[in-house]
Amino acid sequence: MSAASVNLHENSLDWRLPSRGRVGMYCLIAAEVAIFTIFVVAYLFYLGKSTAGPQPKDVLHVPIFYTVCLLSSSLTIHIAVRKLIAGKMAASAALWLLTIVLGVVFLYGTAREWIHLINDEGLTITTNLFGTTYYSLVGLHAFHVTMGLLALIAVAVFYFAAWLRREHAERLEILSMYWHFVDAVWVVVFTVVYLIGF
Amino acid sequence: MSTNTLTLSELSTRPLTLRLHEWVTTVDHKRLGILYILYALVFLALGGIEATIMRLQLIRPHNELVSPQVFNRMFTMHGTTMIFFVAMPLVFGFANYLVPLMIGARDMAFPRLNAFSFWMSALGGLFLYFSFFGGDGLYGAGSAPDVGWFAYAPLTAKTFSVGHSTDFWTLSLLSSGIGSIGTAINIITTILCMRCPGMTLGKMPLLVWLNLVMAGLVILAVSPLSAAQIMLVVDRYLGGHFFDTQAGGSAVIWMHFFWIFGHPEVYVLVLPAFAFASEIIPVFSRKAIFGYPVMVLATVAIGFIGMSVWAHHMFTIGMSAGANTFFVLSTMAIAVPTGIKIFNWLATMWGGRIRYATPMLFCVAFLFQFLVAGLTGVTLAVAPLNWQLGNSYYVVAHFHYVIVGGILFCIFAAFYYWFPKASGKLYSEALGKLHFWLFFIGFHLTFDFMHVPGILGMPRRIYTYEPGRGWDIWNLIVTIGVVFQAAGILVFAANLLWSYLRGKTAGNDPWDAWTLEWSTSSPPPVYNYAAVPNVRSRRPLWDLKHSEDPDWRYE
Amino acid sequence: MSPTSIFAPVSTPAQSIFGLSIFVLVTVAAIFVVVFSLLAYAAVKYRNKQGDDSSEPAQVYGSTQVELAWTVIPVLIVVALFLATTRVILAIQNAPHPSGAVEVIVTGHQYWWEYRYPKLNIVTANELHVPVSDPAHPTPTFLTLLSADTDHSFWVPRLGGKTDLIPNHPNQMWIDPHETGLFLGQCAQYCGTQHAKMLLRVYVQSPEDFERWVHEQQQSAQPTSSAGERVFESAACVNCHTVSGTPAVGKFGPDLTHLMSRETLASGAVKNTPEILRLWIKNPDAIKPGSKMPAMGLNDPDLDAVTAYLETLR
């Protein structure tokens with residue numbers, strides 16, 4: 001059962017490869033981008049093709065405030081991680097919490113919009129092609145925001161249990177990449193739904 | 001104390017429940033690899049039974065062995081099973097087992113994600129087969145999906161596909177899709193982040209390169225399928241209209257979404273087959289692979305171009321002349337790097353000292369058969385000719401030539417080549433050769449002659465056919481080939497079992513090979529390598545065995 | 001000779017494809033012979049002989065010239081094939097549409113073919129009649145392809161390549177058969193349970209015979225006030241079938257006005273004889289299990305009567 005040891009290379013000391021967490025997260029983001037692309041393509045393809053029922057410009061209101069909230073949360077999470085690296089735990093925790101609050105506000109905004117669309121405008125996922133593609137695309141995004149928020153809340157618990165230390169900053173940075181991705185998707189969804197499709 | 005070998009004597013002293021529990025909870029890439037492969041073999045048998053039922057039904061015109069409803073379930077389940085629950089698990093199983101070993105790593109990057117991915121994939125297959133009992137169809141007690149493995153809209157709409165059989169198709173593939181993406185993330189991260197010192201990207205074995213590109217394709221291609229399936233669920237259960245042609249939806253957009261997955265999927269399956277050929281042919285020809293940098297470039301080219309050819313599955317749906325022409329060009333273009341690979345394998349054999357052990361027999365047959373498969377693919381890339389041959393038995397013959405004659409033959413080669421490493425035993429060479437010849441004869445009887453009914457006008461997916469069209473004799477010959485293939489598979493299974501229980505000890509390096517896995521014991525210890533290897537060339541063991549003339553002087 | 005061989009074309013699209021296929025097959029065969037021979041040669045010549053010493057052969061890592069050669073040559077072959085292919089794609093897809101062409105709207109159903117000739121005011125099913133086309137003065141038939149339910153595909157190999165019938169996605173194809181006769185094919189896109197028996201029969205007729213057929217099809221049926229006609233009206237047949245000139249205007253199933261002018265029933269699955277017609281009405285699943293026509297549960301006298309009535313629909 002003995003094995004020959006393979007030792008042919010002189011300089012093993014300066015052998016550095018990328019971090020697993022980072023590469024893994026990039027791959028996950030790539031897969032998610034591919035999924036969202038299909039939903040965006042379907043949305044664009046079906047623009048103007050609904051045979052009946054409400055059209056985008058009739059019923060949609062551009063959600064500027066909630067978009068600003070979500071995009072700002074990218075800034076707050078970024079600074080939260082910087083503060084953690086600098087050892088400023090309190091500031092880091094506060095900014096992390098603020099990120100969560102901004103994310104929740106965004107989801108609240110989406111819920112408000114949907115309640116209005118369903119009750120006042122009569123637009124549901126079954127109404128027409130616009131309804132189907134709109135709720136699917138925005139809903140898929142909101143689902144990803146929710147998943148992200150669950151992870152952020154778990155980290156908030158770690159903050160308050162005082163389990164978090166400076167060494168964990170890299171992991172939080174990788175998690176924040178996911179959050180940035182969710183915000184970047186919103187930029188695309190916002191453009192497609194509220195700008196191009198209007 | 002956890003096991004670190006698979007020797008029978010050690011295993012047999014511990015209670016069965018404990019051993020099973022270790023397998024079920026394992027995060028070790030080698031065990032997960034074996035689980036994937038054993039799982040695939042079970043489903044290979046099921047898919048083979050489905051094929052046999054179809055071939056017996058088609059042995060003569062107007063046969064009444066099975067009803068049309070059953071036949072339509074058979075071809076749907078056969079295709080879905082073979083692609084998602086045989087070929088994909090085999091690909092992921094071998095990747096799991098070999099990649100960490102070949103890069104000198106201890107395990108995959110994310111062992112728990114690895115286990116999760118396996119069980120999600122496995123759940124998919126179990127769920128799909130539960131449909132035979134649980135699917136609630138119009139035509140009797142329980143039914144499996146019968147919409148074809150590519151499930152075209154609007155046949156999958158609730159109107160045309162009543163009951164839940166289509167949902168079993170959708171949900172089982174969503175589950176295995178999650179598993180596939182998880183594994184792909186793992187493979188890419190492992191390869192980019194865990195290579196041993198000295199193993200730059202340019203010094204990885206070709207098998208590692210090919211699995212890297214394969215994993216990239218999984219990430220880009222399986223995701224669109226998942227997206228399309230979510231849309232189908234929205235249509236079927238939430239009243240959506242993504243593919244609802246009555247509401248202005250498009251059946252064609254399902255085709256685009258499906259084939260954007262479906263074509264790169266075949267490269268996901270074939271690149272690992274190329275990987276096996278690229279490791280086995282050099283060792284049995286006693287020469288380094290010819291043109292390593294070109295092989296890498298060709299692989300990457302196939303990966304890229306492969307994402308741009310999908311609508312060659314849609315030549316008959318009425319696309320514009322411009323669109324048809326584009327896909328003709330991209331499809332023909334991909335033949336170039338693929339052909340280059342065949343030439344490089346040929347050049348590796350050229351001037352060598354070829355030993356025809358069972359792995360090499362399967363690889364040489366692969367070369368001839370893949371050549372034919374690629375050339376029939378070129379004929380199908382000619383859109384007007386596709387307007388005749390598309391959706392006919394010529395296409396069925398072509399893709400089985402690729403998947404069975406190409407991919408499965410390489411997988412058999414890989415089984416025989418790495419079986420000694422994984423089990424510590426040598427397989428029976430006599431049984432291996434018997435398997436080869438039986439399967440070779442059966443494969444050619446079935447799939448060579450299957451091209452003819454296509455040329456004579458026989459479409460695919462028909463449960464019976466009219467006499468007097470000249471199709472009868474060819475269908476008969478095609479069915480006869482099944483007997484030989486089944487016999488070959490039985491000999492294969494018997495060989496694996498017998499050799500595992502009674503084979504001679506293999507030793508570390510029975511083939512006198514050159515990649516890292518042959519430097520550790522057979523089977524490897526759970527930690528793979530006692531000391532982290534470091535390497536200086538693409539063939540570290542050649543360098544050790546030929547210190548007077550090491551590879552790194554020439555690379 | 002198979003009646004559905006792609007290598008026996010009688011219409012221009014099928015002939016263009018045939019010509020192109022010869023070029024493609026010869027090219028591909030030549031590549032096969034060359035590469036096969038090299039592989040076979042290497043596999044045999046470089047076998048390890050028993051007496052060989054155990055030293056390794058010379059290690060050759062690559063060769064830029066050789067790689068270049070076997071990249072450039074395939075690229076040139078691809079260019080040639082691509083240009084030849086493009087020519088035929090354009091010739092078939094962008095063919096001119098002369099005003100004298102026969103126009104047929106083909107609607108695919110699970111599991112039968114509906115044919116409407118709008119300019120001629122004809123509606124029929126399952127057996128398509130077209131005039132033969134003289135290459136010197138072509139009279140092609142243009143088919144508009146629609147679907148009432150799932151995807152289908154129109155494939156009569158001797159007349160042309162297949163084109164799919166996709167709901168909400170109209171397609172067009174054309175044929176101009178140069179010979180009279182009956183040409184066979186079948187649906188080539190899986191459409192459901194009885195996809196296998198959605199057969200195609202195209203009758204290519206001389207101009208005179210086609211005129212005669214058109215004239216006969218344009219006539220309405222005469223009311224008979226027979227017992228069978230009353231069964232037809234009361235047993236819900238009229239919900240699915242049309243018999244022009246009568247109150248039966250159903251559109252779900254084939255038009256039956258000239259049922260007896262057809263040689264087959266159930267889209268080519270069986271011969272059109274009184275016994276088989278009676279069996280079809282009594283129990284469609286006995287002939288085409290899974291077809292959309294329900295067994296109407298008629299008793300024997302009603303069956304005899306309605307069959308006799310249908311036998312009058314010439």
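Helices α7(B) and α9(B) are roughly parallel to each other, a class that covers angles under 35 degrees, with over 145 counted as roughly antiparallel, 65 to 115 as roughly perpendicular and the rest as oblique. The model is a predicted one, in which local features need pLDDT of at least 70 and side-chain atom pairs count only at pLDDT 80 or more, whereas totals for chains, interfaces and linings use all residues. Residues are numbered from 1 along each chain as its sequence is written, and chains are lettered from A and ligands numbered from 1 in the order in which they are written.

The axes of α7 (residues 206–238) and α9 (residues 292–305) of chain B cross at roughly 10° and come within 10 Å; axes are lines fitted to C-alpha atoms, for helices over the stretch in contact, with angles running from 0 to 180 degrees between N-to-C directions. From α7(B), the contact involves Leu206(B), Trp209(B), Leu210(B), Val213(B), Gly216(B) and Leu217(B). Its counterpart on α9(B) consists of Tyr292(B), Met295(B), Val296(B), Thr299(B), Val300(B) and Gly303(B). Contact here requires C-beta atoms, placed from the backbone, within 7 Å. The contact of α7(B) with α9(B) comprises 9 nonpolar, 3 polar and no charged residues, where Ala, Val, Leu, Ile, Met, Phe, Trp, Tyr, Cys and Pro are nonpolar, Asp, Glu, Lys and Arg charged, and the others, Gly among them, polar.

Chain B as a whole contains 17 helices and 0 strands, assigned as DSSP runs (helices H or I, at least four residues; strands E, at least two) and numbered from the N terminus. Of the 555 residues of chain B, 66% are buried, that is, have 20 or more other C-beta atoms within 10 Å of their own. Among contacts in chain B between residues at least 6 apart in sequence, 81% join residues at least 24 apart.

The interface of chains B and A takes 46 residues from chain B and 35 from chain A. On the side of chain B, α7(B) gives the most, with 10 residues, and the classes are 29 nonpolar, 14 polar and 3 charged.

Between chains C and B, the contact takes 77 residues from chain C and 75 from chain B. Helix α2(C) gives the most to the side of chain C, with 16 residues.

Notes: Contact = placed C-beta atoms within 7 Å. Buried ≥ 20, exposed ≤ 12 C-beta atoms within 10 Å, placed from the backbone.
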